[in-house]
Amino acid sequence: MSRRAVIFGAVLAAALAVTGCGPGESDSGGEGGDGGAESSAVDAALLGQVPTAKVSELAGAMGMWTTEKNFVKTDLKKISGYPLSGGKAEWEIPLGGEVCWSSPQATSEGLIAVLFRDDKDDPAVCTEVGLVDLDKGKLLWRKQGLDTYGGRQMFDEVTIGGGTVAAAGTGGSAGWTTGGKPLWSPASTDDEKCPAEGFAGEGEKLVAVRDCGDTDHPKLTLQTIDPATRAVKSAYAFEQGIEHAHVVSAEPLVVAVDDGDSPGGSGITAFLTIDDGAARGKPLATIGTKGGKYGKYDAECPSTNVTDCRQLAVDEKSGTLFLPTRDPGPGSAADNDVVAFDLKTGKKKGTVPGTAAGAMTPVGVDGGGKVVVYQDADIVGETGGAVWRIDPASYKKTKVMQNPGASYEMESRFETDRRTLFAGERLYLGADHVSEPSEVYKKKQPLAVVFGAK
(Lines give C-alpha, C1' and ligand atoms only; values in the text may rest on other atoms or scores of the structure.)
Protein backbone atom coordinates (compact mmCIF):
# COMPACT_ATOMS: atom_id res chain seq x y z
CA MET A 1 0.00 0.00 0.00
CA SER A 2 1.33 3.44 -0.90
CA ARG A 3 2.21 5.98 1.79
CA ARG A 4 -0.45 8.39 0.43
CA ALA A 5 -3.08 5.67 0.74
CA VAL A 6 -2.13 5.03 4.38
CA ILE A 7 -2.28 8.74 5.15
CA PHE A 8 -5.62 9.08 3.36
CA GLY A 9 -7.02 6.16 5.35
CA ALA A 10 -5.96 7.74 8.62
CA VAL A 11 -7.43 11.11 7.68
CA LEU A 12 -10.69 9.52 6.51
CA ALA A 13 -10.99 7.47 9.71
CA ALA A 14 -10.48 10.57 11.81
CA ALA A 15 -13.05 12.50 9.78
CA LEU A 16 -15.61 9.76 10.19
CA ALA A 17 -14.97 9.51 13.92
CA VAL A 18 -15.17 13.25 14.49
CA THR A 19 -17.67 14.02 11.53
CA GLY A 20 8.20 36.23 12.77
CA CYS A 21 11.34 36.78 12.38
CA GLY A 22 12.52 35.88 15.81
CA PRO A 23 15.46 37.27 17.77
CA GLY A 24 18.84 36.24 16.44
CA GLU A 25 17.87 36.35 12.77
CA SER A 26 20.09 38.69 10.82
CA ASP A 27 18.59 41.58 8.88
CA SER A 28 20.36 42.16 5.59
CA GLY A 29 17.81 44.51 4.11
CA GLY A 30 15.85 47.68 4.69
CA GLU A 31 12.83 48.35 6.83
CA GLY A 32 9.44 49.51 5.64
CA GLY A 33 8.99 52.41 8.01
CA ASP A 34 6.38 52.78 10.72
CA GLY A 35 2.66 52.98 10.00
CA GLY A 36 2.81 53.32 6.22
CA ALA A 37 0.69 55.60 4.05
CA GLU A 38 -3.05 55.48 4.85
CA SER A 39 -4.42 58.78 3.55
CA SER A 40 -5.24 57.41 0.09
CA ALA A 41 -7.24 54.43 1.38
CA VAL A 42 -10.76 53.98 0.04
CA ASP A 43 -13.59 53.56 2.53
CA ALA A 44 -15.05 50.38 1.15
CA ALA A 45 -18.60 49.10 1.31
CA LEU A 46 -19.98 45.58 1.23
CA LEU A 47 -21.02 45.40 -2.44
CA GLY A 48 -22.35 41.89 -2.72
CA GLN A 49 -22.75 38.50 -1.05
CA VAL A 50 -23.02 34.91 -2.25
CA PRO A 51 -25.52 33.13 0.01
CA THR A 52 -24.61 29.85 1.65
CA ALA A 53 -26.59 26.82 0.51
CA LYS A 54 -28.43 24.79 3.14
CA VAL A 55 -26.52 21.65 4.11
CA SER A 56 -26.64 19.19 6.99
CA GLU A 57 -22.87 18.63 6.98
CA LEU A 58 -19.71 20.27 5.64
CA ALA A 59 -19.40 20.16 1.84
CA GLY A 60 -16.53 21.10 -0.47
CA ALA A 61 -16.62 24.32 -2.51
CA MET A 62 -12.94 24.96 -3.21
CA GLY A 63 -12.14 27.69 -5.71
CA MET A 64 -12.57 31.39 -6.44
CA TRP A 65 -11.42 33.44 -9.44
CA THR A 66 -12.07 36.67 -11.32
CA THR A 67 -12.20 37.41 -15.05
CA GLU A 68 -12.70 40.68 -16.91
CA LYS A 69 -16.46 40.16 -16.63
CA ASN A 70 -17.13 37.93 -13.65
CA PHE A 71 -16.34 36.96 -10.10
CA VAL A 72 -16.49 33.15 -10.10
CA LYS A 73 -17.11 30.97 -7.06
CA THR A 74 -17.51 27.25 -6.59
CA ASP A 75 -20.59 26.39 -4.58
CA LEU A 76 -22.53 23.32 -3.54
CA LYS A 77 -22.20 20.99 -6.55
CA LYS A 78 -21.86 23.89 -8.98
CA ILE A 79 -19.73 26.82 -10.19
CA SER A 80 -21.33 30.25 -10.59
CA GLY A 81 -20.28 33.49 -12.25
CA TYR A 82 -21.39 36.80 -10.69
CA PRO A 83 -20.99 40.45 -11.71
CA LEU A 84 -17.66 41.80 -10.51
CA SER A 85 -19.37 44.08 -8.02
CA GLY A 86 -21.75 41.41 -6.76
CA GLY A 87 -25.36 40.62 -7.57
CA LYS A 88 -27.26 37.66 -8.97
CA ALA A 89 -25.41 34.91 -10.82
CA GLU A 90 -25.10 35.53 -14.57
CA TRP A 91 -24.25 31.90 -15.32
CA GLU A 92 -24.09 28.57 -13.56
CA ILE A 93 -22.38 25.25 -14.24
CA PRO A 94 -24.06 22.29 -12.49
CA LEU A 95 -21.57 19.54 -11.65
CA GLY A 96 -23.80 16.86 -10.17
CA GLY A 97 -21.48 16.29 -7.22
CA GLU A 98 -19.47 17.95 -4.49
CA VAL A 99 -16.30 19.88 -5.45
CA CYS A 100 -13.15 18.26 -4.04
CA TRP A 101 -10.34 20.35 -5.53
CA SER A 102 -9.65 22.98 -8.18
CA SER A 103 -6.62 24.65 -9.72
CA PRO A 104 -5.91 27.80 -7.65
CA GLN A 105 -5.18 30.08 -10.63
CA ALA A 106 -6.74 30.27 -14.06
CA THR A 107 -4.56 29.96 -17.16
CA SER A 108 -4.00 32.90 -19.49
CA GLU A 109 -6.87 31.48 -21.57
CA GLY A 110 -9.22 31.61 -18.57
CA LEU A 111 -9.24 27.84 -17.96
CA ILE A 112 -9.39 26.07 -14.61
CA ALA A 113 -9.45 22.38 -13.74
CA VAL A 114 -11.88 21.06 -11.17
CA LEU A 115 -12.15 17.72 -9.36
CA PHE A 116 -15.60 16.65 -8.19
CA ARG A 117 -17.81 13.75 -7.20
CA ASP A 118 -20.50 11.96 -9.18
CA ASP A 119 -23.64 11.54 -7.10
CA LYS A 120 -25.10 9.09 -9.62
CA ASP A 121 -22.09 6.75 -9.50
CA ASP A 122 -20.45 7.14 -6.08
CA PRO A 123 -20.95 10.35 -4.08
CA ALA A 124 -18.28 9.35 -1.55
CA VAL A 125 -15.20 9.63 -3.78
CA CYS A 126 -13.67 12.20 -6.14
CA THR A 127 -13.50 10.71 -9.62
CA GLU A 128 -14.57 13.43 -12.07
CA VAL A 129 -12.05 15.79 -13.68
CA GLY A 130 -13.47 18.76 -15.56
CA LEU A 131 -12.11 21.66 -17.57
CA VAL A 132 -13.96 24.96 -17.17
CA ASP A 133 -13.78 28.06 -19.36
CA LEU A 134 -14.35 30.93 -16.93
CA ASP A 135 -14.76 33.50 -19.70
CA LYS A 136 -17.57 31.55 -21.35
CA GLY A 137 -19.02 30.05 -18.19
CA LYS A 138 -18.90 26.54 -19.68
CA LEU A 139 -17.76 23.08 -18.64
CA LEU A 140 -15.76 22.13 -21.73
CA TRP A 141 -15.40 18.47 -20.77
CA ARG A 142 -15.39 15.96 -17.92
CA LYS A 143 -13.23 12.85 -17.79
CA GLN A 144 -12.45 9.93 -15.51
CA GLY A 145 -9.20 8.08 -14.94
CA LEU A 146 -9.67 4.31 -15.28
CA ASP A 147 -7.65 1.83 -13.24
CA THR A 148 -6.31 -1.52 -14.49
CA TYR A 149 -9.69 -3.14 -13.83
CA GLY A 150 -11.66 -0.53 -15.76
CA GLY A 151 -13.06 1.14 -12.67
CA ARG A 152 -13.05 4.87 -12.02
CA GLN A 153 -9.93 6.11 -10.29
CA MET A 154 -10.16 8.33 -7.22
CA PHE A 155 -8.05 11.53 -7.31
CA ASP A 156 -6.95 13.96 -4.61
CA GLU A 157 -6.00 17.05 -6.61
CA VAL A 158 -5.78 18.50 -10.11
CA THR A 159 -3.85 21.24 -11.89
CA ILE A 160 -3.08 22.70 -15.36
CA GLY A 161 0.37 23.35 -16.80
CA GLY A 162 1.70 23.65 -20.34
CA GLY A 163 -1.66 22.75 -21.88
CA THR A 164 -1.98 19.60 -19.79
CA VAL A 165 -4.58 18.83 -17.13
CA ALA A 166 -2.92 16.55 -14.57
CA ALA A 167 -4.66 14.74 -11.71
CA ALA A 168 -3.15 12.57 -8.98
CA GLY A 169 -4.51 10.33 -6.26
CA THR A 170 -3.97 7.34 -4.02
CA GLY A 171 -3.67 4.84 -6.86
CA GLY A 172 -2.04 6.78 -9.66
CA SER A 173 -2.33 9.77 -11.93
CA ALA A 174 -3.86 10.75 -15.25
CA GLY A 175 -3.40 13.51 -17.79
CA TRP A 176 -5.31 15.06 -20.67
CA THR A 177 -4.70 17.89 -23.10
CA THR A 178 -6.90 20.92 -22.60
CA GLY A 179 -8.65 19.68 -25.73
CA GLY A 180 -9.66 16.52 -23.84
CA LYS A 181 -7.23 14.04 -25.45
CA PRO A 182 -5.95 11.37 -22.99
CA LEU A 183 -2.18 11.53 -22.39
CA TRP A 184 -1.66 8.91 -19.67
CA SER A 185 -3.70 6.81 -17.24
CA PRO A 186 -3.42 5.62 -13.60
CA ALA A 187 -2.11 2.26 -14.76
CA SER A 188 1.20 3.75 -15.98
CA THR A 189 4.33 1.85 -14.97
CA ASP A 190 6.14 4.83 -13.46
CA ASP A 191 3.16 5.46 -11.17
CA GLU A 192 3.54 1.92 -9.85
CA LYS A 193 7.26 2.33 -9.12
CA CYS A 194 7.26 5.96 -8.00
CA PRO A 195 3.67 7.16 -7.46
CA ALA A 196 2.92 10.79 -8.20
CA GLU A 197 2.03 12.59 -4.99
CA GLY A 198 0.68 15.38 -7.15
CA PHE A 199 1.38 17.96 -9.86
CA ALA A 200 1.74 21.74 -9.94
CA GLY A 201 1.22 23.78 -13.09
CA GLU A 202 2.00 27.36 -14.01
CA GLY A 203 2.11 28.85 -17.50
CA GLU A 204 3.95 26.42 -19.76
CA LYS A 205 5.44 24.54 -16.85
CA LEU A 206 4.40 21.28 -15.16
CA VAL A 207 6.07 19.97 -12.01
CA ALA A 208 5.59 16.56 -10.37
CA VAL A 209 6.34 15.33 -6.86
CA ARG A 210 7.00 11.58 -6.78
CA ASP A 211 7.63 9.16 -3.93
CA CYS A 212 9.97 6.25 -4.61
CA GLY A 213 10.03 5.13 -0.97
CA ASP A 214 7.46 3.43 1.23
CA THR A 215 5.07 4.33 4.03
CA ASP A 216 7.73 4.50 6.75
CA HIS A 217 10.58 5.76 4.61
CA PRO A 218 9.42 8.26 1.97
CA LYS A 219 11.88 9.16 -0.76
CA LEU A 220 10.58 12.24 -2.53
CA THR A 221 11.76 13.62 -5.85
CA LEU A 222 10.75 16.87 -7.52
CA GLN A 223 10.58 16.69 -11.32
CA THR A 224 10.13 19.38 -13.93
CA ILE A 225 8.55 17.43 -16.76
CA ASP A 226 7.41 17.81 -20.35
CA PRO A 227 3.65 18.41 -20.01
CA ALA A 228 2.78 16.26 -23.03
CA THR A 229 5.16 13.31 -22.63
CA ARG A 230 6.15 13.47 -18.94
CA ALA A 231 9.79 13.24 -20.01
CA VAL A 232 11.89 14.48 -17.08
CA LYS A 233 13.69 17.73 -17.82
CA SER A 234 15.10 18.23 -14.34
CA ALA A 235 14.99 16.26 -11.09
CA TYR A 236 15.84 17.09 -7.51
CA ALA A 237 15.92 14.45 -4.76
CA PHE A 238 14.92 15.72 -1.33
CA GLU A 239 16.91 14.79 1.74
CA GLN A 240 15.89 11.70 3.68
CA GLY A 241 13.25 12.55 6.26
CA ILE A 242 11.17 14.89 4.11
CA GLU A 243 7.63 13.50 4.23
CA HIS A 244 5.77 16.00 2.07
CA ALA A 245 6.64 18.63 -0.53
CA HIS A 246 4.33 21.46 -1.59
CA VAL A 247 5.03 23.53 -4.70
CA VAL A 248 4.58 27.19 -3.72
CA SER A 249 5.63 28.51 -7.12
CA ALA A 250 6.56 26.69 -10.32
CA GLU A 251 8.37 29.70 -11.82
CA PRO A 252 10.57 30.47 -9.96
CA LEU A 253 10.58 27.01 -8.40
CA VAL A 254 9.85 27.39 -4.69
CA VAL A 255 8.90 24.41 -2.52
CA ALA A 256 7.67 24.12 1.05
CA VAL A 257 8.84 20.88 2.68
CA ASP A 258 7.60 19.10 5.79
CA ASP A 259 9.69 16.67 7.82
CA GLY A 260 6.67 15.56 9.83
CA ASP A 261 7.28 18.06 12.60
CA SER A 262 5.99 21.27 11.04
CA PRO A 263 5.26 23.97 13.63
CA GLY A 264 1.63 24.68 14.40
CA GLY A 265 0.42 22.13 11.86
CA SER A 266 1.36 24.49 9.03
CA GLY A 267 2.68 21.71 6.79
CA ILE A 268 5.94 23.67 6.40
CA THR A 269 9.32 22.91 7.95
CA ALA A 270 11.28 25.03 5.48
CA PHE A 271 11.08 26.73 2.11
CA LEU A 272 13.51 25.66 -0.61
CA THR A 273 14.30 27.42 -3.87
CA ILE A 274 15.56 25.18 -6.65
CA ASP A 275 17.26 25.90 -9.96
CA ASP A 276 15.78 23.42 -12.46
CA GLY A 277 17.70 24.72 -15.47
CA ALA A 278 19.79 21.53 -15.71
CA ALA A 279 19.01 17.80 -15.64
CA ARG A 280 19.97 17.72 -11.98
CA GLY A 281 18.14 20.32 -9.92
CA LYS A 282 20.31 22.59 -7.81
CA PRO A 283 19.19 23.89 -4.40
CA LEU A 284 19.73 27.63 -4.07
CA ALA A 285 18.42 28.61 -0.66
CA THR A 286 16.70 27.30 2.44
CA ILE A 287 14.43 29.38 4.67
CA GLY A 288 13.60 27.66 7.96
CA THR A 289 10.27 28.14 9.71
CA LYS A 290 10.79 26.49 13.09
CA GLY A 291 10.92 28.62 16.22
CA GLY A 292 8.59 28.87 19.17
CA LYS A 293 5.53 26.70 19.73
CA TYR A 294 3.82 27.58 16.45
CA GLY A 295 6.77 28.52 14.27
CA LYS A 296 8.02 31.86 13.02
CA TYR A 297 5.65 32.37 10.10
CA ASP A 298 1.93 32.12 9.51
CA ALA A 299 2.00 30.60 6.01
CA GLU A 300 0.19 27.29 5.50
CA CYS A 301 0.16 24.36 3.07
CA PRO A 302 -2.37 21.48 2.92
CA SER A 303 -0.98 18.51 4.81
CA THR A 304 -0.63 15.99 1.96
CA ASN A 305 -1.43 17.90 -1.24
CA VAL A 306 1.17 19.36 -3.56
CA THR A 307 -0.55 22.66 -4.44
CA ASP A 308 -2.52 25.46 -2.77
CA CYS A 309 -0.14 26.90 -0.16
CA ARG A 310 -1.55 30.16 1.21
CA GLN A 311 -0.78 33.25 3.27
CA LEU A 312 2.38 34.09 1.36
CA ALA A 313 3.48 35.73 -1.88
CA VAL A 314 6.27 35.11 -4.39
CA ASP A 315 7.43 38.05 -6.50
CA GLU A 316 9.23 36.63 -9.52
CA LYS A 317 10.58 39.97 -10.76
CA SER A 318 12.45 40.83 -7.56
CA GLY A 319 13.09 37.19 -6.63
CA THR A 320 11.46 37.57 -3.23
CA LEU A 321 9.35 35.45 -0.89
CA PHE A 322 7.04 37.41 1.42
CA LEU A 323 5.95 35.72 4.65
CA PRO A 324 3.76 36.91 7.53
CA THR A 325 5.31 36.47 10.96
CA ARG A 326 3.29 34.97 13.80
CA ASP A 327 4.51 37.64 16.20
CA PRO A 328 5.83 41.17 15.67
CA GLY A 329 9.42 42.24 16.08
CA PRO A 330 10.79 43.00 19.56
CA GLY A 331 9.12 46.02 21.16
CA SER A 332 6.49 46.32 18.40
CA ALA A 333 2.79 46.88 19.21
CA ALA A 334 1.74 45.41 15.85
CA ASP A 335 -0.09 42.10 15.55
CA ASN A 336 2.62 40.80 13.23
CA ASP A 337 5.05 41.86 10.47
CA VAL A 338 5.69 40.82 6.87
CA VAL A 339 9.23 39.67 6.07
CA ALA A 340 10.92 39.54 2.65
CA PHE A 341 13.48 36.83 1.77
CA ASP A 342 15.85 36.61 -1.19
CA LEU A 343 15.03 33.48 -3.19
CA LYS A 344 18.62 33.05 -4.37
CA THR A 345 20.34 33.34 -0.98
CA GLY A 346 17.62 32.72 1.59
CA LYS A 347 18.67 35.85 3.44
CA LYS A 348 16.24 38.36 4.83
CA LYS A 349 15.99 41.42 2.61
CA GLY A 350 13.66 43.55 4.67
CA THR A 351 10.78 43.80 7.13
CA VAL A 352 7.45 45.52 6.64
CA PRO A 353 6.11 46.51 10.07
CA GLY A 354 2.52 45.50 10.71
CA THR A 355 -0.31 47.28 12.47
CA ALA A 356 -2.12 46.84 15.78
CA ALA A 357 -5.44 46.83 13.90
CA GLY A 358 -5.08 43.22 12.66
CA ALA A 359 -2.60 40.62 11.44
CA MET A 360 -1.27 41.18 7.91
CA THR A 361 -1.19 38.38 5.35
CA PRO A 362 0.36 38.49 1.85
CA VAL A 363 -2.11 37.12 -0.70
CA GLY A 364 -0.39 37.71 -4.05
CA VAL A 365 1.28 40.13 -6.45
CA ASP A 366 -0.84 42.51 -8.56
CA GLY A 367 -0.37 43.50 -12.20
CA GLY A 368 1.71 46.49 -11.18
CA GLY A 369 4.24 44.35 -9.33
CA LYS A 370 3.08 45.33 -5.84
CA VAL A 371 2.55 42.71 -3.12
CA VAL A 372 -1.07 42.64 -1.95
CA VAL A 373 -1.67 42.17 1.77
CA TYR A 374 -4.95 41.51 3.56
CA GLN A 375 -5.25 42.85 7.10
CA ASP A 376 -7.55 40.84 9.36
CA ALA A 377 -10.63 42.41 10.88
CA ASP A 378 -10.21 43.48 14.49
CA ILE A 379 -12.73 41.69 16.71
CA VAL A 380 -11.74 43.56 19.87
CA GLY A 381 -11.84 46.98 18.23
CA GLU A 382 -14.83 46.01 16.06
CA THR A 383 -13.22 47.34 12.88
CA GLY A 384 -13.30 45.80 9.44
CA GLY A 385 -10.34 44.36 7.58
CA ALA A 386 -8.18 46.27 5.14
CA VAL A 387 -6.04 45.89 2.03
CA TRP A 388 -2.46 47.16 1.73
CA ARG A 389 0.13 47.18 -1.05
CA ILE A 390 3.85 46.65 -0.45
CA ASP A 391 6.51 48.00 -2.79
CA PRO A 392 8.96 45.06 -3.22
CA ALA A 393 11.81 47.51 -3.85
CA SER A 394 11.42 49.79 -0.82
CA TYR A 395 9.25 47.63 1.49
CA LYS A 396 7.01 50.63 2.04
CA LYS A 397 3.36 49.78 2.57
CA THR A 398 0.36 51.79 1.43
CA LYS A 399 -3.18 51.25 2.65
CA VAL A 400 -5.53 50.78 -0.30
CA MET A 401 -8.89 49.97 1.23
CA GLN A 402 -10.60 50.00 4.62
CA ASN A 403 -13.64 47.79 5.10
CA PRO A 404 -16.60 48.98 7.17
CA GLY A 405 -16.77 48.28 10.89
CA ALA A 406 -20.12 46.57 10.49
CA SER A 407 -18.41 43.70 8.65
CA TYR A 408 -15.84 42.79 11.31
CA GLU A 409 -17.65 39.72 12.68
CA MET A 410 -18.47 38.33 9.24
CA GLU A 411 -14.89 38.87 8.03
CA SER A 412 -13.42 37.19 11.09
CA ARG A 413 -15.55 34.09 10.51
CA PHE A 414 -13.79 33.56 7.17
CA GLU A 415 -10.36 33.27 8.79
CA THR A 416 -10.26 29.49 9.26
CA ASP A 417 -11.45 28.71 5.71
CA ARG A 418 -10.56 31.84 3.76
CA ARG A 419 -9.67 32.33 0.13
CA THR A 420 -8.71 35.92 -0.71
CA LEU A 421 -8.56 37.78 -4.04
CA PHE A 422 -7.92 41.44 -4.80
CA ALA A 423 -8.68 42.41 -8.39
CA GLY A 424 -10.01 45.53 -10.07
CA GLU A 425 -9.63 47.37 -6.75
CA ARG A 426 -12.18 45.04 -5.20
CA LEU A 427 -11.63 42.56 -2.37
CA TYR A 428 -13.17 39.10 -2.61
CA LEU A 429 -13.36 36.80 0.42
CA GLY A 430 -14.73 33.29 0.11
CA ALA A 431 -14.93 30.00 1.98
CA ASP A 432 -13.72 26.69 0.56
CA HIS A 433 -16.53 24.78 2.23
CA VAL A 434 -20.28 25.13 2.51
CA SER A 435 -20.97 24.77 6.24
CA GLU A 436 -24.04 23.97 8.27
CA PRO A 437 -25.71 26.84 10.17
CA SER A 438 -23.81 28.10 13.21
CA GLU A 439 -25.17 27.56 16.69
CA VAL A 440 -23.02 30.41 18.02
CA TYR A 441 -23.71 33.30 15.63
CA LYS A 442 -27.15 34.72 14.98
CA LYS A 443 -26.34 36.06 11.52
CA LYS A 444 -26.11 33.66 8.59
CA GLN A 445 -22.61 33.56 7.13
CA PRO A 446 -22.30 34.10 3.34
CA LEU A 447 -20.20 31.78 1.18
CA ALA A 448 -18.38 34.76 -0.36
CA VAL A 449 -18.45 38.56 -0.27
CA VAL A 450 -17.25 41.51 -2.34
CA PHE A 451 -15.91 44.79 -0.93
CA GLY A 452 -15.11 47.93 -2.90
CA ALA A 453 -15.78 51.61 -3.44
CA LYS A 454 -19.45 52.58 -3.27
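**The disulfide links**

A: The link of cysteine 194 and cysteine 212 is right-handed, with 115° about the S-S bond. Cysteine 194 lies in the loop between α2 (189–193) and β17 (196–202), and cysteine 212 in the loop between β18 (205–211) and β19 (220–225), so the pair ties together parts that are 18 residues apart in sequence. Helices here are DSSP runs of H or I with at least four residues, strands are runs of E with at least two, and both are numbered from the N terminus. The sulfur atoms of cysteine 194 and cysteine 212 are 2.1 Å apart and form a disulfide, a term that denotes a pair of cysteine sulfur atoms within 2.5 Å. Cysteine 212 counts as partly exposed because its relative accessibility is 35%, where buried means under 20% relative accessible area, exposed over 50%, and partly exposed in between (1.4 Å probe, protein chains only).

The model is a predicted one, in which local features need pLDDT of at least 70 and side-chain atom pairs count only at pLDDT 80 or more, while totals for chains, interfaces and linings use all residues. Residues are numbered from 1 along each chain as its sequence is written, and side-chain values use heavy atoms, with hydrogens and water left out.

By the sulfur distance rule, the count comes to three disulfides. Another of them joins cysteine 100 to cysteine 126, with an S to S distance of 2.1 Å. This disulfide is left-handed because the torsion about the S-S bond of cysteine 100 and cysteine 126 is about -90°. Cysteine 100 lies in strand β9 (residues 99–102) and cysteine 126 in strand β11 (residues 122–133), so the link ties together parts that are 26 residues apart in sequence. Cysteine 100 and cysteine 126 are both buried.

There is also a disulfide between cysteine 301 and cysteine 309, where the S to S distance is 2.1 Å. The torsion about the S-S bond of cysteine 301 and cysteine 309 is 110°, and the link is right-handed. Cysteine 301 and cysteine 309 are both buried.

When the bonded cysteines of the protein are numbered in sequence order, the pairing reads 1-2, 3-4, 5-6.
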